[in-house]
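Here is my note on the two-chain model, as numbered points. Please read it with the coordinates open.

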Amino acid sequence: MFEAIAFYLFSILTTVMFYITVTTKQALFALTALAAGMIFISAFFFILGADFLGVVQIIVYTGAVMALYAFGMMFFDTTRELKERSGSSLITAGLSILSAVFVVLIFVAPIVSTKIQVTAPLIAGATNSQSVGMVLFTKYLVPFELAAVMLLVAMIAGIVLAGKKMDRSLTLMAEEEIMIAEEANRKVLL
Amino acid sequence: MMEIGLTHYLVLSTVLFSIGLLGVMRRKNLLMLFFATEILLNAVNVGFAAISHYYNDLTGQMFAFFIIAIAASEVAVGLGLLIAWYKRHGNINLDAMSSMRG
C-alpha cells in the first residue's frame, strides 16, 4: 500500500522534474530540476532495498556531478535564453518514444526467456551494503579496479583541460621559456 | 494497480529514457545535451535496480554502480572539454561546431 503510494508519488515527481529539465529555456531551471530529479530517483533505490545505491546516488550525483555542473555553468553565458532546434516536436517525441521502447525490449528480451539465472544471489542475513561489498570485492574486483583507474584518468583530464595554464610543466621548460611565460602573465595581470 | 511489480519499474524506466532521448534530440546547447545524457543514465539505473530487486540478484546493482562511476568521469572530462572550447570560440552551440565540415 505505502509502497504503491511512494512509487506513484516519486514517479510523477521525477517525470515532471526531468521534463522541466528537457524543455525549459533557462539553464538554471534545468540545473535545479535535474538535481531534484536525481534526489527523487534515489527514492526508488530505497524502495527497492538497494540502500547503498541510493546513498551513492545522492552523494555522487547531487553532491559531485551537480556541483561540477554548477561550477561549469559559471564559465558559460547562462543568463541568455537557450535557442532550440526548430523542427516538428511531434516527430521528435515519436522517434524518442519508439527508440526508448526498443531499448527496453533489448533489456526485457532475456528476462522474458526462461534461461535467466541468478549469478550473484543475495546473501542471507547480510544487510544491503554488506552483500554489495562481498560481491564487489570478489566477483567484480577487476572492473572495480578498472573503474578506479578510469576515475583517476578522468580527474587528471578534467584538471588539465579546465585548469589555467596547467598544460605547461615548469620543470620541463627551459629558463628562457619560463621568463617569457612570466612576462606574458605579468602583462595579463596589469 | 496497488501491487508494484517489475513491469511498473520498467515502464517508468522507459518513460524517463524517452524524456532523455527527447532532450538529446531537441537541444542545441551542449550543456543541456549533457543534462539529457544524465537523465538517460539514471533511467537505465532505475531499470537495473528493479531487476536486481525482483530477481534477488546483486548483479544489477553492481552494473548501476559502474554506470554511476562512468557518468562521473564523463562529466569531468566533458566539462573540461566544454570549458576549453568555450575559451577558444565563445559559445557552446552545437550548430557552430562545424569546423570539420568539408
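1. Start just after H2(A): Gly49(A) takes a positive phi of about 80° there. Helices (H or I, at least four residues) and strands (E, at least two) are DSSP runs, numbered from the N terminus. H2(A) itself has 21 residues. From first C-alpha to last it reaches 31 Å, close to the 30 Å expected at 1.5 Å a residue. The expected span is 1.5 Å times one less than the number of residues.

2. On conventions: this is a predicted model, in which local features need pLDDT of at least 70, side-chain atom pairs count only at pLDDT 80 or more, and totals for chains, interfaces and linings use all residues. Residues are numbered from 1 along each chain as its sequence is written, while chains are lettered from A and ligands numbered from 1 in the order in which they are written.

3. Chain A has 7 helices and 0 strands. Along the sequence its pattern is α-α-α-α-α-α-α. Of its 190 residues, 21% count as buried. Buried means 20 or more other C-beta atoms within 10 Å of the residue's own; exposed means 12 or fewer; partly exposed lies in between; C-beta atoms are placed from the backbone. Among contacts in chain A between residues at least 6 apart in sequence, 44% join residues at least 24 apart. A contact requires C-beta atoms, placed from the backbone, within 7 Å.

4. Chain B comes to 3 helices and 0 strands, in the order α-α-α. Its radius of gyration is 17 Å, whereas a compact globule of 102 residues would have one near 13 Å. That radius is taken over C-alpha atoms, and the globule rule is 2.2 Å times the number of residues to the power 0.38. The C-alpha atoms fill a box of roughly 55 × 25 × 25 Å along the principal axes. Of the 102 residues, 50% are buried. Contacts between residues 24 or more positions apart make up 48% of those with a separation of 6 or more.

5. Look next at H3(A). Its 23 residues (51-73) should span 33 Å at 1.5 Å a residue, and the end C-alpha atoms are 31 Å apart, which agrees. There is a kink of about 25°, centred on Met66(A). The bend at a residue is the angle between axes fitted to the seven residues ending there and the seven starting there. Met66(A) is also among the buried residues of H3(A), as are Tyr61(A), Val65(A) and Tyr69(A). The cover over this buried set includes H2 (27-47) of chain A, and H2 (30-54) and H3 (59-89) of chain B.

6. Ile41(A) lies in H2 of chain A. Why does Ile41(A) count as buried? Because 26 other C-beta atoms lie within 10 Å. Leaving aside neighbours within four places in sequence, Ile41(A) contacts Thr14(A), Gln57(A), Asn42(B) and Val46(B). Thr15(A) is 26 residues away in sequence and 9.8 Å away in space, C-alpha to C-alpha.

7. How many residues make up the largest nonpolar core? It has 62, and Leu16(B), Phe35(B), Ile39(B), Val46(B) and Ala49(B) touch the most other members. H2(B) gives the most to this core, 14 residues. A nonpolar core is a set of buried Ala, Val, Leu, Ile, Met, Phe, Trp, Tyr and Cys residues joined through C-beta atoms within 7 Å. Not counting residues up to four places away in sequence, Leu16(B) touches residues including Thr14(A), Phe18(A), Ile39(B) and Val46(B).

8. At the interface, 70 residues of chain A contact 60 of chain B. H4(A) provides the largest share of the chain A side, 14 residues. That side divides into 52 nonpolar, 14 polar and 4 charged residues. Here Ala, Val, Leu, Ile, Met, Phe, Trp, Tyr, Cys and Pro count as nonpolar, Asp, Glu, Lys and Arg as charged, and the others, Gly among them, as polar.

9. Ala162(A), in H6 of chain A, is buried because it has 21 C-beta neighbours inside 10 Å. Leaving aside neighbours within four places in sequence, Ala162(A) contacts Leu79(B), Gly80(B) and Ile83(B). Asn56(B) sits in the loop between H2 and H3 of chain B. With 11 C-beta neighbours inside 10 Å, Asn56(B) counts as exposed. Its phi is near 50°, a positive value in a residue other than glycine.

Methods
Contact = placed C-beta atoms within 7 Å.
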